[in-house]
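Here are some notes to read beside the structure, written as a colleague might write them. Please take the points in order and look for each element in the model as you go.

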Amino acid sequence: MKRRDWLIIGCGLLLALLALGAWLLLSPHKSAFSSVTVYVNGQVYGIYPLDEEQTITIDQGNGKLNVIRIDEHGVCMERSSCKNQLCVNKGCLDPNNDETLLDNWIVCLPNGVTVELTGGEG
Amino acid sequence: MNKPRIATRKLTELALLTAAALVLGYVEYLIPISGVPGVKLGLSNMVLLYAVALLDKRNACLLMILKVGLSGLLFGGFSAMIYSFAGGVLSLAVMLLLYSIKGMSLIGVSVGGALAHNIGQILVAACVVGFRSILFYVPILMIAAVIAGILTGVTAKLLVAILSKRKDGQETIEETKRDDKAEKDEK
């Protein structure tokens with residue numbers, strides 16, 4: 001391994017560090033979550049209160065179907081037409097769980113649907 | 001007379017490398033090494049590293065396009081093809097650039113390529129769902145790229161060292177054969 005190789009490795013780690021910093025800046029702090037924001041293809045699709053049990057069905061008409069459930073467990077992707085089912089397997093985002101502060105998103109990349117736990121502003 | 005022979009040989013080499021890249025890609029697709037989406041070893045990148053080191057730029061590009069197109073048709077589907085195309089173009093460009101820099105071994109080229117590949121995929125994903133929702137994965141993907149890049153880089157370095165020797169050996173053998181034949185023909 002030569003010196004310039006280390007330079008590239010350093011660049012990679014620096015990028016990781018920068019991204020980590022950006023993520024820490026943008027991630028929610030200890031504020032209580034109160035709502036769920038659903039995005040379709042990067043645009044806000046709707047904002048729903050967390051304390052109201054409901055099922056949101058997003059049918060994009062081209063075979064892309066997502067069913068999002070909000071109940072006492074938090075918010076989950078109940079069903080998705082996508083192939084990898086990563087969003088469904090992720091389980092529920094529980095607003096009372098500390099882990100949710102680290103990752104407050106459910107992403108369904110194939111269908112372009114994302115769910116964010118959003119908070120009491122401030 | 002010699003031209004078509006070399007073309008056939010290049011064609012065979014390219015076909016063989018494409019097949020190798022596809023098989024390695026498929027093996028990877030069968031055994032996901034982690035639960036994190038997008039994190040993989042990048043085994044087929046070894047073939048591209050070989051191409052960067054031992055083929056010319058044109059053939060390396062051709063190999064990348066063939067690999068992305070065929071694996072998209074065979075395993076991934078259209079949207080997966082867009083992701084791997086973005087990753088492929090970016091990583092190949094970076095690898096060719098880094099390879100032309102002196103004092104850089106294949107390990108550095110490999111790590112740079114892996115980083116560029118993941119950055120390409122992140123950019124496409126950011127176009128689809130916005131940057132904020134996937135920001136969480138960016139540090140993970142960068143660190144994974146460094147680790148996987150070192151591993152495939154070391155392997156590719158060994159591979160290229162062995163294969164380039166062999167390749168030269170075969171070439172000299174064939175050249176002597178050809179020269180022999182030419183001498184006979186002259187007689």
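1. How many of the residues of strand S7 (residues 113–119) of chain A are buried? In this predicted model, seven of the seven residues of S7(A) are buried, and the strand is accordingly described as mostly covered. Val113(A), Val115(A), Leu117(A) and Gly119(A) point one way from the strand, while Thr114(A), Glu116(A) and Thr118(A) point the other way, and the residues of both groups are buried.

2. The next point concerns the neighbours of this strand. Strand S1 (residues 33–40) of chain A runs antiparallel to S7(A) and is joined to it by seven bridges, and within this pairing Val38(A) has Val115(A) as its bridge partner. Strand S6 (residues 105–108) of chain A is also paired with S7(A) in the antiparallel sense, here over four bridges, and Val107(A) has Thr114(A) as its bridge partner. S6(A) and S7(A) make up a hairpin with four residues between them, and Gly112(A), which sits in the turn, has a positive phi of about 70°. As background, the strands of a sheet pair through backbone hydrogen bonds, and they may do so in a parallel or an antiparallel way.

3. Chain A also holds an open sheet of three strands, in the order S3-S4-S5, with antiparallel pairing. Its edge strands are S3 (54–59) and S5 (74–80) of chain A, each of which pairs on one side only. From one strand to the next, the twist averages 20°. Strand S4 (residues 65–71) of chain A is connected to S5(A) by six bridges, and Ile70(A) stands opposite Val75(A) in S5(A).

4. Turning to aromatic rings, a pair is described by the distance of the centres and the angle of the planes. Over all chains the count comes to four aromatic pairs. One of them is formed by Trp23(A) and Phe136(B), whose ring centres are 5.4 Å apart and whose planes stand at 55°, so this pair is tilted. Trp23(A), Phe136(B) and Tyr137(B) form one aromatic cluster.

5. Another aromatic pair is formed by Tyr26(B) and Phe75(B), and it is stacked, with 4.8 Å from centre to centre and 25° between the planes. This pair links distant parts of the chain, as Tyr26(B) is in helix H1 of chain B and Phe75(B) is in helix H3 (residues 57–76) of chain B, 49 residues apart. Tyr26(B) has a relative accessibility of 35% and therefore counts as partly exposed.

6. The last point returns to Tyr26(B), which also takes part in a nonpolar patch on the surface, together with Val23(B), Val27(B), Tyr29(B), Leu30(B) and Ile31(B). Together these residues have about 580 Å² of accessible area. Among them, Tyr29(B) is found in helix H1 (residues 2–30) of chain B, and Tyr29(B) counts as partly exposed because its relative accessibility is 47%.

Key. Residues are numbered from 1 along each chain as its sequence is written. Chains are lettered from A and ligands numbered from 1 in the order in which they are written. This is a predicted model: local features need pLDDT of at least 70, side-chain atom pairs count only at pLDDT 80 or more; totals for chains, interfaces and linings use all residues. Side-chain values use heavy atoms; hydrogens and water are left out. Patches are made of residues with over 30% relative accessible area and no salt bridge: like charges are joined within 9 Å, nonpolar side chains (Val, Leu, Ile, Met, Phe, Trp, Tyr) within 5 Å. Accessible areas come from the Shrake-Rupley method with a 1.4 Å probe; for residues, only the protein chains shown count as cover. A salt bridge is a side-chain nitrogen of Lys or Arg within 4 Å of a carboxyl oxygen of Asp or Glu. Helices (H or I, at least four residues) and strands (E, at least two) are DSSP runs, numbered from the N terminus. Buried means under 20% relative accessible area, exposed over 50%, partly exposed in between (1.4 Å probe, protein chains only). Two strands pair if DSSP finds at least two bridges between them. Axes are lines fitted to C-alpha atoms, for helices over the stretch in contact, and angles run from 0 to 180 degrees between N-to-C directions. Rings of Phe, Tyr and Trp (its six-membered ring) pair if their centres lie within 6.5 Å; planes under 30 degrees apart count as stacked, over 60 as edge-to-face and the rest as tilted.
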